[in-house]
Amino acid sequence: MAEILLRLDTLYPNAACALTHDGPWQLLVATILAAQCTDKRVNQVTPGLFRKYPTPHDFAAVRLEVLAQDIHSTGFFNNKAKSIVGAAQGVVSAFGGEVPRIMEEMLTIPGAARKTANVVLGTAYGIASGIVVDTHVQRLSARLDLTKNSDPVKIEQDLIKIVPREKWILFAHQLILHGRALCQARNPKCAECGLNTVCYARDKTA
Ligand code: SF4
């Protein structure tokens, strides 16, 4: 683990969230929109969206079908509109319009599951409550032999035991970048990979 962390630091010293945002609320919305969609597409949609609806109060008051149209290009727009309006209403009614800083409180917000909560707490607030386990972290954790589990919640529990807490936020960003750059689901580019000599994945290509 220490060697993997060292190499990730060399390869991706400045890994950060690719979703453009200004503050925790915007990141929460962007993370909901990013499900089954590229960050690039989300970043095209959010500037106009936040101009139209500057605060959680604005999102809480919008009609679902109107918001669904606004976010149409990100896909799954009906469900995402429902999640965003639900989250806005939760943030406004229970937390005075401010996204909470505690995991247990985050999990009471409709539309914010554990992964989303970890993204917002880690990236927007700098609070390491856990490790973001998205599809990249899930796949790379298995390939790098950091877990034997396939359920994201269990993977996160495995990771937090072996990754030092001060690395939790950066580590997930680094794995996500590596998953996008080289360690893709199909045909990972192992010949170019800086982790090659510490990786024993069965589907290695070199
Ligand atoms: S060697 Fe291949 S499978 Fe292993 S981490 Fe690198 S790209 Fe992924």
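This is a predicted model: local features need pLDDT of at least 70, side-chain atom pairs count only at pLDDT 80 or more; totals for chains, interfaces and linings use all residues.
Student: Why are helices H2 and H3 called oblique to each other?

Tutor: Helix H2, residues 24–33, and helix H3, residues 39–52, pack at an angle of about 135°, with their axes 10 Å apart. Angles of 65 to 115 degrees count as roughly perpendicular and those over 145 as roughly antiparallel, and the angle here is about 135°, so H2 and H3 are oblique to each other. Their crossing is right-handed.

Student: Which residues make the contact between H2 and H3?

Tutor: On the H2 side the contact is made by Gln26, Val29, Ala30 and Leu33, and on the H3 side by Val42, Thr46, Leu49 and Phe50. By class, this contact has six nonpolar residues, two polar ones and no charged ones.

Student: What makes H2 a mostly covered helix?

Tutor: Buried means under 20% relative accessible area, and ten of the ten residues of H2 are buried, including Trp25, Leu28 and Ile32. The buried residues of H2 pack against H3, helix H4 (56–61), helix H6 (77–95) and helix H8 (114–125).

Student: Why does Val45 count as buried?

Tutor: Val45, which lies in helix H3, has a relative accessibility of 12%; the cut-off for buried is under 20%, and Val45 therefore counts as buried.

Student: What does Val45 touch, not counting residues up to four places away in sequence?

Tutor: Val45 touches Asp70, Ile71, Ser73 and Thr74. Asp70 is 25 residues from Val45 in sequence, and the two are 8.1 Å apart in space, C-alpha to C-alpha.

How values were computed: Residues are numbered from 1 along each chain as its sequence is written. Side-chain values use heavy atoms; hydrogens and water are left out. Axes are lines fitted to C-alpha atoms, for helices over the stretch in contact, and angles run from 0 to 180 degrees between N-to-C directions. Helices (H or I, at least four residues) and strands (E, at least two) are DSSP runs, numbered from the N terminus. Angles under 35 degrees count as roughly parallel, over 145 as roughly antiparallel, 65 to 115 as roughly perpendicular and the rest as oblique. A crossing is left-handed if the near helix is turned anticlockwise from the far one by less than a right angle, and right-handed if clockwise. Contact means heavy atoms within 4.5 Å. Ala, Val, Leu, Ile, Met, Phe, Trp, Tyr, Cys and Pro count as nonpolar, Asp, Glu, Lys and Arg as charged, and the others, Gly among them, as polar. Buried means under 20% relative accessible area, exposed over 50%, partly exposed in between (1.4 Å probe, protein chains only).
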